[in-house]
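Which parts of a helix face inward, and which face outward?

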Amino acid sequence: MFEWLNELPVAWANNITVVLFVLIAAACFAIPRSSVIADAPTKARWRDLRWWAVALIAVQLGIYVLFR
């Protein structure tokens, strides 16, 4: 059933992984800001967890690209 998947070059798998990382980072912003910082004592921009998630994804993506 997945024979075609085994025949793909490794470069395709690497590119698909990078695209998935970018899609996950973009999906972080599908969550409204009001629900992300609802319980925060202040509404400061640095408390928005979506930006922290994007920063962590960028670090993970950087490490992935560095070692592929």
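The model is a predicted one, and exposed here stands for over 50% relative accessible area, against under 20% for buried.

The buried residues of α2 are Asn14, Val18 and Ala25. Viewed along the axis of α2, these buried residues lie within an arc of 35 degrees, so they line one face of the helix. The length of α2 agrees with expectation, because its 18 residues should span 26 Å at 1.5 Å a residue and its end C-alpha atoms are 26 Å apart.

Helix α4 covers residues 49-66, which makes 18 residues. From its first C-alpha to its last, α4 reaches 26 Å, close to the 26 Å expected at 1.5 Å a residue. Its buried residues are Arg50, Ile57 and Leu61. Down the axis of α4, the buried residues fall within an arc of 40 degrees, and therefore they line one face of the helix. The face of α4 turned away from that buried side carries Leu49, Leu56 and Leu66, which are exposed.

What do the buried residues of α2 pack against? Their partner is α4. Seen from the other helix, the buried residues of α4 pack against α2, residues 10-27, and also against α3, residues 33-36. Packing in this sense rests on contact, that is, heavy atoms within 4.5 Å.

Note on methods. Residues numbered from 1 in each chain as written. Predicted model: local features only at pLDDT ≥ 70, side-chain atom pairs only at ≥ 80, totals over all residues. Heavy atoms only, no water. Helix = DSSP H or I, 4+ residues; strand = E, 2+ residues; numbered from the N terminus. Expected span 1.5 Å × (residues − 1). Buried < 20%, exposed > 50% of the residue type's maximum accessible area, 1.4 Å probe, protein only. Arc of directions from axis to C-beta.
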